Amino acid sequence: MSTRSVPVSAYRIVAGILTFVLAVPGTILYLASYFWGAWLLAGACAAYLADRVLELGRPAFFSLVRSALRRSAMPAIGIVAALLLGAAIMLATGYNPLSSYKALFYGGLVRGWSVSVLNATPLLFTGLAVAFAFQGGFFNIGAQGQYFIGVMTATWIGLALKLPGIVEIPLIFVAAAFVGAATNAIPAILKVKTGAHEVVTTMMFAYAISTLSPVFIRAFGGDPSHSMHPYASDTLPEAAWLPTFKSFLPEANYRLHIGIILAIACAVLVRFILRSTSLGFKVRAVGNNPMAAKTQGISIPRITAASLLISGALAAAAGATQVLGLDHRMYQDLGAGYGWNGISIALLARNNPIAIIFTSLLWGLLDSGGRYMAMTTRTPNSIIEIVKSIILFLLLAEMLYQRIGLSLRAAFSRLRRGSDARTGIEKEIGS
Amino acid sequence: MKVSGAVPPVLETRGVTKRFGRIVANHDISIRLEKGEIIALLGENGAGKSTLMNVLFGLYRPSSGSILIDGEEVSFASPREAIAKGLGMVHQHFMLVPTLTVTQNIILGDEPVILGHVLYRAARRRVVELSERYGLHVDPDARLEDLSVGLQQRVEILKALYREARVLILDEPTAVLTPLEVEELFSVLRRLAEGGTSIIIITHKLEEVMSLSSRVYVLRRGELVGERRTSETDAAELANFMVGRDVVLSVERGEAVAAPEPILRLEAVSVRGARGIPALRGLSLGVGPGEILGIAGVEGNGQAELCDLVVGLARPDSGRIVFHGRDISALSLKRRMEAGIGYVPQDRRGSGLVLPFSVEENLALGSCEGPPLCRRGFLDFRALRENALRLMEDYDIRGAGPEVSVSTLSGGNQQKVILAREFSRKPDFLLVAQPTRGLDVGAIEYVYRRILQLKAGGTAILLISMELEEIFALSDRIAVLHGGELAFEAPTSRTNEIEVGEHMIRGRTDRRAS
Amino acid sequence: MSGFAAVLLAPQLLEATIRLSTPVTFAALAAVVCERSGITNIAMEGIMLVGAFFSAYVGWLTGNPWIGLLGGLVAGAAFSLLFAWATVSLHINHVVAGAIMNILAFGLTRYLMMVCYGRQGTSEAVPLTLDHYRLRVPLLSNIPYLGSAVFNQTPLVYLSLISVAALAWTFARTRFGLSLTASGEHPMALETLGRSVYRVRYQAVLLSGLLCGLAGAFLSIENSNSFTEGMTNGRGFIALAANIAGGWQPVGVFLASLFFGLVDAAQLRAQSIGLIHLPSEIFLVFPYIATIVAVAGLVRKSRPPAAVGKDFNVEGGGD
């Protein structure tokens with residue numbers, strides 16, 4: 001009896017604190033290649049699950065777990081199927097899929113884990129950028145351009161101002177976000193005023209910005225006659241570099257910077273904005289049914305602008321993080337593909353900011369593992385691009401699963417009791 | 001099943017059942033159609049009439065049962081096969097391509113071609129010839145979107161005749177027609193029947209059944225509940241069949257308090273419609289507190305524009321809208337909402353609700369700016385939940401919890417969500433458009449009761465409906481919108497359905513007389 | 001200033017305009033066919049890229065650019081069928097499916113570069129390009145100014161002009177054109193008349209794949225002699241804009257493509273004769289800016305097909 005008198009909420013508070021206390025260092029340690037951090041993460045998971053059990057009660061919790069498992073079955077099947085298809089392609093073109101995949105996962109998860117994390121950092125930002133626009137019903141296909149804008153802004157301010165890092169770094173982030181948002185202001189205005197589709201306008205901006213980037217690099221010390229390729233701007237002063245994990249975890253890779261922590265924090269923030277703020281609520285309402293949103297007094301132009309501007313800011317933050325954390329200068333052409341990959345990551349995560357943390361890490365590890373694979377097995381790492389698009393394709397083709405499921409079920413029932421006139425999903429016509 | 005005579009019926013169904021997953025849309029339905037006969041298929045919305053027709057037309061395959069044509073069992077895999085067997089269908093929502101010409105629409109799918117090249121001249125000749133033979137006159141070169149609804153329907157019928165249909169199925173053919181057009185349609189159909197075409201008309205309107213068909217089948221909840229010769233029955237009996245009990249739609253209206261000053265006034269408002277054509281012309285009207293003004297009229301006479309104008313989705317080209325003595329013509333929809341204007345839109349799923357959102361989120365739509373549901377830009381989840389639970393209780397919203405997506409609710413419950421949201425803001429003025437379209441009788445009664453309750457609380461209500469019955473059941477005053485003008489206005493007690501119907505067709509009789 | 005006018009009026013500029021607009025014309029026609037049937041196709045960039053690769057590869061293997069062209073057509077068609085399957089049969093959102101197809105195309109061509117040539121970047125040069133078959137139309141090419149520009153062109157340039165006329169005729173006069181229009185304006189109407197919307201849309205996407213294949217072949221084996229990764233450079237999206245600016249009509253779209261060709265030709269010429277001393281990149285941006293301006297300026301002028309980009313789902317009837 002006495003144990004019952006302790007209110008459940010007290011246990012829940014303990015579990016909540018425990019989750020947080022274990023998850024934060026666990027994540028940091030794991031990301032910094034201290035793989036024993038996984039134990040802390042496992043502990044955090046256990047504490048979190050315990051909290052959920054206390055919150056929901058056992059039956060509700062287990063039904064939730066079941067539905068979560070069922071939901072994650074499809075992505076898992078999709079990823080495995082995509083890897084198998086990729087293997088088939090490798091076999092057909094004369095490469096050994098087994099050793100290639102071994103190298104891919106060894107390289108991505110163990111050997112080059114820090115590179116995976118480095119790759120995932122800008123992807124997480126661009127993924128969030130694309131997802132935020134998607135939530136409002138817009139397709140920011142030109143995140144690439146805003147990424148470059150972020151790179152340029154960071155390079156420019158980093159080279160122009162000589163301030164202490166504690167001031168300069170936040171300043172650069174704010175400026176990059178601002179300029180990135182401003183870049184998207186033109187597509188937003190065109191969308192609102194003329195109805196020009198953002199797919200065309202943001203894409204054209206992206207091409208224009210990439211095309212112009214050499215001009216910028218030359219203006220900041222880049223020398224095309226120099227043998228170095230790709231050519232690059234001058235290097236930023238060290239004061240403007242993002243701190244590295246090595247400064248507090250000596251065994252971490254020397255290049256690994258805290259950008260990934262910023263990115264994860266940003267994902268949590270975006271989730272909070274979308275779920276818990278009035279702005280996010282309105283963005284989602286417009287994304288799901290603009291007409292109903294409009295009829296309820298939500299300003300479509302304002303929400304269009306908000307979601308495209310925030311999207312631009314997030315994509316520019318990706319560029320700033322890359323310059324301040326890893327490159328410390330602007331390279332020509334480097335970072336091409338962060339925009340497109342951001343689209344993949346957002347789609348794969350179904351625009352859920354928390355899921356984007358994981359999909360960007362998946363993409364990051366496929367990239368770094370792919371490079372390791374190309375180095376050690378001579379399998380071209382562009383096979384990874386193919387595998388990635390197959391994953392996307394399979395995960396978005398829900399219909400495919402329904403079809404397969406239906407035909408399997410039909411086959412079963414036919415086996416069981418002769419033919420059954422099942423015609424599949426029929427849509428009500430007319431009314 | 002008795003086989004009557006030597007000539008088998010043109011069309012017959014035997015025990016047709018159609019299931020969608022677990023829902024049974026049609027259960028064991030057997031009907032029969034003789035040559036040159038007009039039969040009616042009567043039933044409420046959702047009784048399964050359209051499903052049955054789509055089964056007949058090859059768009060759906062029956063789960064069990066069989067279809068016979070001329071006594072021969074058939075199975076249609078697609079509409080093409082149904083067409084080949086002589087079936088023609090006039091859908092409720094026209095299956096016409098607005099940007100194509102009349103000729104193109106008629107021949108689409110069955111074009112006279114040589115090597116893929118359409119012989120438009122020959123096609124046009126056939127269309128002209130057909131329309132003359134059946135007296136269905138229509139310009140073969142007109143673009144479809146430039147035609148009136150009545151003419152568009154004519155094109156639909158011509159489409160079927162072009163394919164030499166022996167059986168013509170018309171789904172709710174009168175829903176969008178003016179009474180005059182209805183008469184014309186009926187005489188065309190009678191002529192076709194005399195020429196040997198068999199016709200099925202699907203409807204929920206009793207008068208049409210009585211005036212047109214020789215036999216009638218009544219459907220209720222997917223089942224056939226009765227078959228009668230029209231000459232041997234009357235409207236009351238059919239209504240009973242249809243609803244399963246006596247229809248009681250007469251709600252106690254209560255007396256309107258004669259208000260000295262209207263809360264909302266339209267003063268000589270004009271606006272252009274989608275294609276630049278004047279949609280409202282110098283419209284003036286006013287609604288006072290505790291009063292319901294019903295706007296009757298055939299669809300497409302300016303109702304949509306009137307809604308947009310009053311709630312603030314559009315601005316008038318001239319004239320002004322006055323609310324509480326203040327000109328609000330330039331105010332945004334949001335400001336008008338804040339000032340106390342509520343809106344129950346006609347298109348529930350299109351502009352009333354965000355379907356993937358939960359009930360509680362839909363109830364919070366439009367209140368996501370400030371307290372009580374929102375504080376300093378953050379949603380208050382507890383307040384959201386409490387708000388939802390309270391409103392679900394008050395408005396008897398059933399079928400799901402507050403966290404469940406509204407898309408899973410029935411039409412009636414979805415409408416209740418909208419009513420709850422709008423009514424709970426305690427508007428001074430409410431615009432209600434087609435509040436009961438597609439609802440079952442129980443839900444209709446409930447919606448009427450709530451609207452009258454709101455009125456009793458002193459809200460001024462503008463009701464827009466294409467159903468005269470609804471207008472008469474609720475309104476204190478009735479106005480008729482015709483061609484964007486106010487054709488008629490009178491207190492309900494001093495007019496009747498005949499007079500209002502007259503104005504719906506003819507517009508302003510005083511001007512026409514002069 | 002007179003120098004500037006001379007640049008703009010030179011027959012070379014007109015010649016270059018027509019030549020440079022060719023890939024955009026093909027792709028824009030592909031967009032017209034797709035969108036008129038109700039499919040939004042942003043995968044054209046990728047389909048073009050795949051077409052360009054296979055044209056160059058097959059052309060290099062066989063030494064015959066015509067067989068290379070055939071390779072590009074087949075590859076474009078095959079790749080577009082995948083897109084049709086995704087959008088029509090699997091009901092994936094058109095824009096999303098298009099984005100995935102583009103990603104796949106970039107990855108696939110990069111991979112195939114390694115598989116087929118063992119290197120990245122630019123492929124081996126084809127021994128013979130279609131440019132070799134430049135055709136001077138007798139008599140017509142003697143027309144002053146116009147003649148040398150229009151009637152002394154390479155095969156695919158002529159084919160693009162023929163395609164414009166053929167498609168205009170298709171939409172105006174043929175059963176296929178009528179079905180396409182109906183499928184994009186009111187698919188259910190077409191379905192209830194017994195013609196399968198799925199089939200019409202598959203045909204439309206397939207045709208657009210062939211057109212994109214031609215556009216790709218033009219880039220790799222007519223206008224140049226090899227395939228370069230990412231060589232389409234946003235032309236698929238420019239074509240999308242040309243389609244909007246041209247009002248979903250073959251002839252209008254052709255004029256819009258000519259405009260983009262003109263911008264491209266003008267920037268190349270301005271660059272080459274060095275009239276204005278600016279970094280060359282500034283000129284390269286012109287087509288992109290022109291696209292934005294064209295889309296923003298002309299988008300309201302015409303009406304897109306009513307059902308474009310919307311999924312059509314009917315089971316029980318149709319396929």
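Does the span between the end C-alpha atoms of helix α14 (residues 286-298) of chain C agree or disagree with 1.5 Å a residue? It agrees, because the 13 residues should span 18 Å and the end C-alpha atoms of α14(C) are 18 Å apart. The expected span here is 1.5 Å times one less than the number of residues in the helix.

This is a predicted model, in which local features need pLDDT of at least 70, side-chain atom pairs count only at pLDDT 80 or more, and totals for chains, interfaces and linings use all residues. Residues are numbered from 1 along each chain as its sequence is written, while chains are lettered from A and ligands numbered from 1 in the order in which they are written. Helices (H or I, at least four residues) and strands (E, at least two) are DSSP runs, numbered from the N terminus.

**Helix α14 of chain C**
- The buried residues of this helix are P287(C), Y288(C), A290(C), T291(C), I292(C), A294(C), V295(C) and A296(C).
- A residue is buried if 20 or more other C-beta atoms lie within 10 Å of its own, exposed if 12 or fewer, and partly exposed in between, with C-beta atoms placed from the backbone.
- In chain A, the buried residues of α14(C) pack against α8 (165-194) and α9 (198-219).
- In chain C, they pack against α11 (235-245) and α12 (250-273).

**Helix α4 of chain A**
- Helix α4 (residues 58-92) of chain A has 35 residues that should span 51 Å at 1.5 Å a residue, and its end C-alpha atoms are 50 Å apart, which agrees.
- There is a bend of about 25° in α4(A) at A73(A), and the proline P75(A) follows within four residues.
- That bend is the angle between axes fitted to the seven residues ending at a residue and the seven starting there.
- G78(A), A82(A), G86(A) and M90(A) are the buried residues of α4(A).
- Their cover includes α5 (97-111) and α16 (382-396) of chain A.
- After α4(A) comes G94(A), with a positive phi near 85°.

**Where the chains meet**
- Chain C puts 39 residues in contact with 40 residues of chain A, where contact means that the C-beta atoms of two residues, placed from the backbone, lie within 7 Å.
- On the side of chain C that touches chain A, α5 (94-117), α11, α13 (280-284) and α14 of chain C each supply at least two residues.
- The largest share of that side, 13 residues, comes from α5(C).
- By class, the side of chain C that touches chain A has 29 nonpolar, 6 polar and 4 charged residues.
- For these classes, Ala, Val, Leu, Ile, Met, Phe, Trp, Tyr, Cys and Pro count as nonpolar, Asp, Glu, Lys and Arg as charged, and the others, Gly among them, as polar.
- The contact between chain B and chain C takes 24 residues from chain B and 20 residues from chain C.
- On the chain B side of that contact, α2 (79-84) and β9 (117-118) are the elements that give two or more residues.
- With 3 residues, α2(B) gives the most to the side of chain B that touches chain C.
- That side of chain B divides into 13 nonpolar, 8 polar and 3 charged residues.

**Nonpolar cores**
- In the largest nonpolar core, of 384 residues, L128(A), I169(B) and A27(C) touch the most other members.
- A nonpolar core is a set of buried Ala, Val, Leu, Ile, Met, Phe, Trp, Tyr and Cys residues joined through C-beta atoms within 7 Å.
- Helix α13 (residues 300-327) of chain A gives the most to this core, with 16 residues.
- Beyond its neighbours within four places in sequence, A27(C) has contacts that include M44(C), M48(C), L211(C) and R235(C).
- Another core, of 5 residues, lies apart from the largest one, and among its members are A103(A), L104(A), Y372(A) and A374(A).

**Two histidines with positive phi**
- H328(A) is not a glycine, yet its phi is positive, about 60°.
- This histidine lies in the loop between α13 and α14 (338-348) of chain A, and H328(A) counts as buried because it has 22 C-beta neighbours inside 10 Å.
- H324(B) is not a glycine either, and has a positive phi of about 55°.
- The loop between β17 (318-323) and β18 (326-327) of chain B holds H324(B), which counts as partly exposed because it has 14 C-beta neighbours inside 10 Å.
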